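Good morning, and thank you for coming.

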Amino acid sequence: MEWWAILLIGFGLLILLMLSGIPVAFAFAGLNIVGVMWVTGGTDGLVLLTGSIVDSVGNFRFIAAPMFFLMGSILYRSGAFGLIIEAVDQWVGRVRARLLYVTMISGTILATLSGAGIADTALLGTTLYPEMEKRGYAPRLGLGTIFNSGLLAAIIPPSGLAVLTATLAHVPVGRLLVAGFFPGLMMATTYAIFVFIRVRMNPALAPIYDQPPASMKIKLYSTAKLAPFSIVLFMVMGFILLGITTPSEAAATGAIGALGVALIYRRFSFGGLTDALRDSMRIATMILMIISGSIALSQTLALSGATRGFLDMLVNLPVSPTVLLLAMLGAILILGLFLDQVSMMMVAIPVFSPAVSVLGFDPIWFWMLFLIAISIGAETPPFGLVLFALKGVVPNVSITEIYRAAIPFVILDLISLGVLIAFPEIVLFLPNASLGP
């Protein structure tokens with residue numbers, strides 16, 4: 001059978017299994033078992049399959065993802081994140097669209113501490129949207145700033161998805177983590193510019209209201225109260241940049257730092273810690289099962305010759321590498337209409353990873369573009385997980401309204417993606433400067 005037929009049949013069946021409601025891990029497992037038996041002509045290949053599963057879940061680097069989620073979950077469950085929103089609120093003060101700017105700034109700060117965009121979105125939606133509704137803000141503008149601010153957690157370090165991507169794609173985890181800093185800030189800036197222009201053109205979208213200005217003493221006090229959060233930042237990014245720990249070890253020290261922050265603020269409880277551990281165990285189990293299936297799938301494709309056929313086709317296509325890059329990112333955006341972020345990673349990375357070096361792309365640059373593309377998928381109707389997370393905390397808003405709120409912000413993110421394609425230095429400057437080539 002031709003390689004392209006194998007790819008079409010394999011990924012077609014995989015997507016159909018996912019859309020049918022079968023858990024992603026089981027969809028991968030079923031496809032791998034059938035695929036290996038078909039390629040090897042019997043049950044002998046199942047030995048290879050079980051070996052790859054053991055090797056994949058035994059990789060120490062994968063511990064970073066659940067540890068980053070644990071870190072964010074401890075801070076979220078303890079209620080410490082609320083202090084960040086309060087401090088930002090004091091500094092923004094009495095300006096038009098105040099709550100929108102509070103949302104964007106708080107979301108950006110939360111992204112540097114959490115690594116879990118869905119949790120950030122839920123927190124911002126629960127805390128700020130009721131106030132927006134009460135003050136008469138345009139629903140779509142308010143909803144859009146909330147889920148896009150929460151989305152930055154997948155880009156700005158520390159990011160659990162960046163760790164997964166780097167590990168599966170066999171690129172340095174630390175370099176990919178720090179590469180997301182400037183792109184994340186750029187995306188946050190585009191949101192702020194868009195909100196400023198929209199409100200300037202139509203002030204009714206965000207009516208001004210009386211807000212007593214905070215004194216400088218109160219502002220400085222609220223900022224000083226955030227000092228313990230620097231412990232988490234230092235124990236993650238500081239440890240990585242100084243070479244004290246590997247990214248996987250830094251994720252664990254970050255979780256310890258988050259526990260210390262909860263204790264300092266006297267917001268620690270064994271119930272909250274139990275909930276955070278339960279959340280992280282659930283995420284870790286899901287991720288490791290999907291990872292084992294994805295790695296086994298890549299081996300099945302290699303055995304069938306589909307991977308080699310795909311690479312040969314890419315090399316011989318009479319188009320520029322830029323066109324191929326756009327086609328690959330376009331495929332991710334299309335998958336985002338149907339799949340969640342982790343599922344997209346598991347489907348695409350085994351195919352794209354061998355192609356990156358063949359096409360001559362800088363791997364850090366390419367995989368950061370990939371991360372942004374799957375993040376856009378998380379806010380794309382009809383199956384964007386961030387949209388559903390927001391719907392869960394604002395039940396009085398229809399899902400159709402949330403879909404409409406997503407459209408302009410998806411366009412903004414696509415523009416940001418285009419800028420990063422045109423100017424790779426934005427992605428590569430910090431990893432090259434801090435960690436070397």
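At what angle do helix 5 and helix 6 pack? The model is predicted, with local features requiring pLDDT of at least 70, side-chain atom pairs counting only at pLDDT 80 or more, and totals for chains, interfaces and linings using all residues. Residues are numbered from 1 along each chain as its sequence is written, and side-chain values use heavy atoms, leaving out hydrogens and water.

To answer the question, helix 5 (residues 81-92) and helix 6 (residues 98-111) pack at about 135°, and their axes are 9 Å apart. Helix 5 is therefore oblique to helix 6; angles under 35 degrees count as roughly parallel, over 145 as roughly antiparallel, 65 to 115 as roughly perpendicular and the rest as oblique. Contact means heavy atoms within 4.5 Å. Among the residues making this contact are Phe81 and Ile84 of helix 5, and Arg98 and Tyr101 of helix 6.

I turn now to salt bridges. A salt bridge is a side-chain nitrogen of Lys or Arg within 4 Å of a carboxyl oxygen of Asp or Glu. The whole structure contains two salt bridges. In one of them, Glu401 pairs with Arg140, with the closest N and O atoms 3.4 Å apart. Glu401 belongs to helix 21 (residues 399-422) and Arg140 to helix 8 (residues 139-151), so the pair ties together parts that are 261 residues apart in sequence.

Asp275 forms a salt bridge with Arg278, where the closest N and O atoms are 2.9 Å apart. Both Asp275 and Arg278 lie in helix 15 (residues 270-304), three residues apart, about one turn of the helix.

Methods:
Axes are lines fitted to C-alpha atoms, for helices over the stretch in contact, and angles run from 0 to 180 degrees between N-to-C directions. Helices (H or I, at least four residues) and strands (E, at least two) are DSSP runs, numbered from the N terminus.
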